[in-house]
Amino acid sequence: MDVAIPASSDFNWILPEIMLTAWALLFLLIGGLTRRASTSKACGIMCFIGTLITIFYTLRLWGANLDIFNGLYTIDDYGTFFKLIFLIVLALVTLVSLRYADREEIGSGEYYALLMFGVLGMMVMTSSHHFISIFIGLEVMSLSIYVLCGLLKGNIRSVEASLKYFLLGAFATAFLLYGMAMIYGSTGIIDVVELKKFILAKQPFSATMFVIGIGFLIVGFGFKIASVPFHMWTPDVYQGAPTSITAYMATGVKAAAFGALIRVFYTALIPFLPGWSEIVWFIAVITMCVGNITALAQRDIKRMLAYSSIAHAGYILIAFTTGDRELASSMLYYLMVYSFMNIGAFTVVIMLGRKGEDNSDLDSYAGLGARHPFIALCMSIFLLSLAGIPPLAGFIGKFYVLSAAVKAQYYWLAVIGVLNSVVAAFYYLRVMMYMYFKESAGDQGTIDKAPQYGLVMLVCVWALLHMGIFPKTFLLIAQKAISIFG
Amino acid sequence: MLPDIPQNLYYLLGAVLFTIGAVGVITRRNAIIIFMCIELMLNAVNLTFIASGKFLNSLDGTIFVIFIMAVAAAEAAVGLAIFVLIFRSKGTINVDDINLLKG
């Protein structure tokens, strides 16, 4: 067995990852040395600047397609697309955290370090077709987020969320690994691309162990993308975690899990499409239905958004079910749009909260339209986009996902998807109804109108309008990213 | 080296260990025991990897096992820290009593 030393030029290609690691280590060091409020604020600002620099270097990777480190890591448009999503999420969450983490007194150096390590894990996870790298990326991401969830040490709900996420996350990881072990046991391969070659050469290949392995992979990824019936942790964790981390989880983690899922299934397991697409069809339908119907009963906005995020995973799974690589670009577009609307909505939730309490009950939104018209307007745009109302980007995303199902002749799936978005409109519009047509009960206190929040909301509103009215550029980017599977 | 134990028995042992672990996670109520069950599941995975690696004459599985063990150690560190936090604020690590979030 020959051992190949990676070329030193390989390191140029992982510059964004190296930069994130370096920044994160620096913040850890600062956090360990001093705990003054001013330094943690400086960490936040440095984290934001560092993210922007990393985005700049990641943009330069666009168009490059190559394997590095002997196939352990891959630079391609698909991975770069996801890296950019994660980094944008990181930048927005950092901006929000500048204020929020201060308020909740969690914004020490390690808070930003963990945010960056989390994004590092996501980046590794989506830009590799080697099972070991995917696993390591997944774990780097998950371990960071287990800790981030429990950062409000005095708040029992936050610690409880952390415990639940930890136990169920580790449980899911075991399933994912067992799936990988079974695929390895039946083929001797732990690289997705080689797996594809192996399967195509041995057509029809259907070792029992291999098929069970695919099932375990679906379970493992199903946990991470929060699809029913593996969704039990989602509402509890989203509700209990610090709200900035909820925004981070709902967007970054979900996008990362989808990124790895799409890569594994669309590269290697396409020959088995008829088998797994039936299972995923079923999962997509129950994910949408359970997510939306349970969301109807929620009075806590954070919990409602958690169920809505489950439902949105279902919409994305609609396009995933088709297994058509042309149509898969709709998933990427949807994930991009979804990140902006969720971060926007959670920013409003953060603004309405006060130290130690989220204040996320539906009643605290009553009369918001009269008290704070601008915030209410932004929230309305996010909610309308989540509901899929034109001309906002959420509509275009849903339209492409559903038309993908129609093009692939999954008519029933499309019909169920449309019916579900009707149900979903009800609970999104109910929040708007509270904001505009209900009198606020009693004194609601003041709202912290820091410019950071305003900036994040404006960026999200702009992104939703721009991507909704001129979706073509973004769709072309998504198509280029997905074309590596062609 | 290993005597002639058929390949399938290794996989069977892995599957049995994995099932014991999974059932334990679902039925046990003490967070630490749940975590031990998860570790058992990971070790079942390790066993499957090593056995496959031996029978397929490939090193990939063995390398994967080393990564899994390293990650499991990191997971234990984070997990136990979370258990300590829970115990400090609630005085118990019984998962049935940790039920503030629901609905």
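A:Gln409 lies in the loop between α17 and α18 of chain A. The model is predicted. Phi of A:Gln409 is near 65°, a positive value in a residue other than glycine. A:Gln409 has 10 C-beta neighbours inside 10 Å and, because 12 or fewer is the limit, counts as exposed.

A:Ala226 sits in the loop between α9 and α10 of chain A. Is A:Ala226 buried or exposed? A:Ala226 is buried, because 29 other C-beta atoms lie within 10 Å and the cut-off is 20 or more. As background, most residues other than glycine have a negative phi, and most peptide bonds are trans.

A:Ala226 follows helix α9 of chain A. That helix covers residues 208–225, 18 residues in total. From first C-alpha to last, α9(A) reaches 26 Å. This is close to the 26 Å expected at 1.5 Å a residue. α9(A) is mostly covered, with 13 of its 18 residues buried.

The loop between α9 and α10 (233–240) of chain A also holds A:Pro229. A cis peptide bond joins A:Val228 to A:Pro229, with omega about 5°. A cis peptide bond also joins A:Pro390 and A:Pro391, and omega is about 5° there. A:Pro391 lies in the loop between α16 and α17 (393–407) of chain A.

A:Gly323 belongs to the loop between α13 and α14 (329–352) of chain A. Neighbours within four places in sequence aside, A:Gly323 is in contact with A:Ile270, A:Leu273 and A:Ser277. A:Thr243 is 80 residues from A:Gly323 along the chain, and their C-alpha atoms are separated by 34 Å.

## Helix pairs in chain A

Two packed helices are described by the angle between their axes and the distance between the axes. The table sets out two pairs.

| Helix pair | Axis distance | Angle |
|---|---|---|
| α13 (301–322) and α18 (411–437) of chain A | within 11 Å | roughly 160° |
| α16 (373–387) and α19 (451–469) of chain A | 10 Å | about 40° |

Take α13(A) and α18(A). Their axes cross at roughly 160°. That makes α13(A) roughly antiparallel to α18(A), because angles over 145 degrees count as such. The crossing of α13(A) past α18(A) is left-handed. On the α13(A) side, the contact is made by A:Ile301, A:Met304, A:Ser308, A:Ala311, A:Tyr315, A:Ile318 and A:Thr321. From α18(A) come A:Leu413, A:Gly417, A:Asn420, A:Ala424, A:Tyr427 and A:Val431. By class, this contact has nine nonpolar, four polar and no charged residues.

Now α16(A) and α19(A). They pack at an angle of about 40°. They are therefore oblique to each other. Their crossing is left-handed. α16(A) puts A:Cys378, A:Ile381, A:Phe382 and A:Ser385 into the contact. α19(A) answers with A:Met457, A:Cys460, A:Val461 and A:Leu464. The residues of this contact divide into seven nonpolar, one polar and no charged.

## Where chain B touches chain A

How many residues does the contact take from chain B and from chain A? Chain B gives 34 residues, and chain A gives 35 residues. On the chain B side, α1 (7–27), α2 (31–56) and α3 (60–90) each supply at least two residues. α3(B) gives the most to the side of chain B that touches chain A, with 15 residues. By class, that side has 24 nonpolar, seven polar and three charged residues.

B:Ile68 is in helix α3 of chain B. B:Leu42 is 26 residues from B:Ile68 in sequence. In space the two are 7.6 Å apart, C-alpha to C-alpha.

Definitions and conventions
Residues are numbered from 1 along each chain as its sequence is written. Chains are lettered from A and ligands numbered from 1 in the order in which they are written. This is a predicted model: local features need pLDDT of at least 70, side-chain atom pairs count only at pLDDT 80 or more; totals for chains, interfaces and linings use all residues. Two residues are in contact if their C-beta atoms, placed from the backbone, lie within 7 Å. Helices (H or I, at least four residues) and strands (E, at least two) are DSSP runs, numbered from the N terminus. Ala, Val, Leu, Ile, Met, Phe, Trp, Tyr, Cys and Pro count as nonpolar, Asp, Glu, Lys and Arg as charged, and the others, Gly among them, as polar. The expected span of a helix is 1.5 Å times one less than its number of residues. Axes are lines fitted to C-alpha atoms, for helices over the stretch in contact, and angles run from 0 to 180 degrees between N-to-C directions. Angles under 35 degrees count as roughly parallel, over 145 as roughly antiparallel, 65 to 115 as roughly perpendicular and the rest as oblique. A crossing is left-handed if the near helix is turned anticlockwise from the far one by less than a right angle, and right-handed if clockwise.
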